[in-house]
Amino acid sequence: MNTNTPQIVIEVRDLRKSFAGHVVLDGIDIDVRRGETLVIIGRSGCGKSVLLKHIIGLLWPDGGTVAVEGQILARMSSRELYGVRLRFGMLFQNAALFDSMTVAENVGLALAEHTRKSRGEIADMVAHKLELVGMQGTEHMMPADLSGGMKKRVSLARAIAFDPAYILFDEPTTGLDPITAGAINDLIVELGDRLDVTSIAVTHDMKSAYKIADRIVMLHEGRIIQTGTPEEIQNSDDPVIHQFINGLAEGPLRAI
Amino acid sequence: MAIFIRGLGRAALDFFADVGGLFLLGMRLLRVLPRVFGSPRLLTTQMLYMGVNSLPLIVLVSVFTGSVAAWQAAYQFEGFVPMRYLGTAVGKAIIIELAPVLTALVVAGRVGASIAAELGTMRVTEQIDALEVMAIDPVRYLVLPRVISGIIMLPILVIFADLVAILGALAVAVNMVNVSSETFLNGVKAFFYVSDMVAGLTKAAIFGFIISFIGCYQGFTTSGGAAGVGQSTMRAVVVSAVLILISDFIVATLMFRL
Ligand SMILES: Nc1ncnc2c1ncn2[C@@H]1O[C@H](COP(=O)(O)OP(=O)(O)OP(=O)(O)O)[C@@H](O)[C@H]1O
Ligand SMILES: [Mg+2]
């Protein structure tokens, strides 16, 4: 393989999605390259989470396609789809922890269901992942007893428990204090540095975006209005992007 | 008038959407059926939960059902039918009809509602999506153990209900109608057919399927936050109660030929 032309592993083509007549995605094209961290930015409610859910087959497009490693999700049997998902981890915006299970059971569920590892081995792996997100020693707690930020970190540990090749982060640092957010950013960068991990992160925390992104795409009114490196985005002369990344109330976008 | 017709049309569409949805869920369930004993712990957890949760209320309902059945039958027999047939009539009514249907209605209210509420909450908080992302089929993981547990546990609960209701009837017969316990129990035994028991338990298994399957379906199709969960819970109870009564009639006409 030629290292100068990175391999496209996730390919979104002309993706369209409406909910009850309300157009959310209006023709999205994205190429995600192997090993990169792609950050999707955009205003609240612009469809970032909806886009992420299409990439893993939790929502299905009205038009267009999503392909992972050249295979179109919508044409897969459910067995093939589960096979693809085994290589994905996802951090949900609202953590989505199983509230009837302990922290350890949450993080270890995929290992318990899909491998023949012993309880002891799983416990060790769970402890290791919890340590990575700074949640060591919380194994026996229930999700209801955790703060919002703690839930998010447990959910992150769960997302990486199976050592996925693809990780989808939906607002990994929202609701975290600046220090924890910094640590989570470092963790995402670290995960991304491992050769074969490809990540897509959704955020509107620009500090986090600059830190973790290889490339940033801006989603606006159902379309991608710009794609570029963090520097290119920072220096963009598009007024919408300028207003967004600098958090200005004045500009082409109405603040409220 | 136009509004009325539109409302009717919408209701009809909803109905067919539900029938289609139930059918699809049923197909997915059939496909994962062979894997039911793959995770025995999921199944036993559900069975214990259903049993422990429902038993106290079922005992209470059954005692009074048996008692009132005995009292009312005695009132109707008075002067027409010898009291040695009291046990026969009451026993048959309990085994064939009363225990299965009343147990099912109690379980629909307790277990069916809690299945719908639990799965509905999991749906709106994206926990079901989280299972999907982990490549764990939520139909196998959540629906299958609940439905199988319903099919197994309802007949077991009905056997309890049969015993308790007959004891309640016995107590009334002995203490309030002046029928000796021997006479009453001989009456129960005299015309006891195994086929009646089989019919009652078959009904119970069917009701168990209805309750858990409808509960799961309502939970899975929940949308709209806490209010949506409330809606699904209510619908799970109402729809299963209606289906229990309808299927009771159908099974009765199929199993008991005049
Ligand atoms: N299941 C759904 N049914 C109906 N509408 C939906 C559904 N999911 C999302 N939407 C709508 O799609 C739009 C985009 O939602 P989405 O959650 O993707 O926003 P977002 O960009 O992630 O915002 P935020 O940054 O606040 O998380 C919203 O208008 C939302 O109301
Ligand atoms: Mg979102």
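How many residues surround ligand 1, and which are the closest? In this predicted model, 14 residues surround ligand 1, and the closest are Ser44(A), Gly45(A), Lys48(A), Ser49(A) and Gln93(A); a residue counts as near a molecule if one of its heavy atoms lies within 4 Å of it. Because the model is predicted, local features need pLDDT of at least 70 and side-chain atom pairs count only at pLDDT 80 or more, while totals for chains, interfaces and linings use all residues. Residues are numbered from 1 along each chain as its sequence is written, chains are lettered from A and ligands numbered from 1 in the order in which they are written, and side-chain values use heavy atoms, with hydrogens and water left out.

**Ligand 1 and its shell**

- The side chain of Lys48(A) has an N or O atom 2.8 Å from an oxygen atom of ligand 1, which is a polar contact (a pair of N or O atoms within 3.5 Å).
- For Ser49(A), a side-chain N or O atom lies 2.7 Å from an oxygen atom of ligand 1, and a polar side-chain atom of Gln93(A) lies 2.7 Å from an oxygen atom of the ligand.
- Taken alone, ligand 1 exposes 630 Å², of which the protein buries 62%, the areas coming from the Shrake-Rupley method with a 1.4 Å probe.
- Strand S2 (22-33) and helix H1 (48-55) of chain A are the elements that give two or more residues to the shell around ligand 1, and H1(A) provides the largest share, 3 residues; helices (H or I, at least four residues) and strands (E, at least two) are DSSP runs.

**The magnesium ion**

- The magnesium ion (ligand 2) has Ser49(A) (OG) and Gln93(A) (OE1) as its protein donors, lying 1.9 to 2.1 Å from it; donors are N, O and S atoms within 2.8 Å of the metal (3.2 Å for Na, K and Ca), and the site may look incomplete because water is not among the atoms.
- This pair links distant parts of the chain, since Ser49(A) is in helix H1 of chain A and Gln93(A) is in the loop between strand S6 (88-91) and helix H3 (103-114) of chain A, 44 residues apart.
- Gln93(A) counts as partly exposed because its relative accessibility is 31%, where buried means under 20%, exposed over 50%, and partly exposed in between.

**A serine in chain B**

- Ser67(B) is found in helix H2 (residues 40-77) of chain B, and it counts as buried because its relative accessibility is 15%.
- The side chain of Ser67(B) reaches the backbone oxygen of Val63(B) at 2.6 Å.

Note on methods:
A polar contact is a pair of N or O atoms within 3.5 Å; within protein, one must be able to donate a hydrogen and the other to accept it, and residues adjacent in sequence count only if both atoms are side-chain atoms. Buried means under 20% relative accessible area, exposed over 50%, partly exposed in between (1.4 Å probe, protein chains only).
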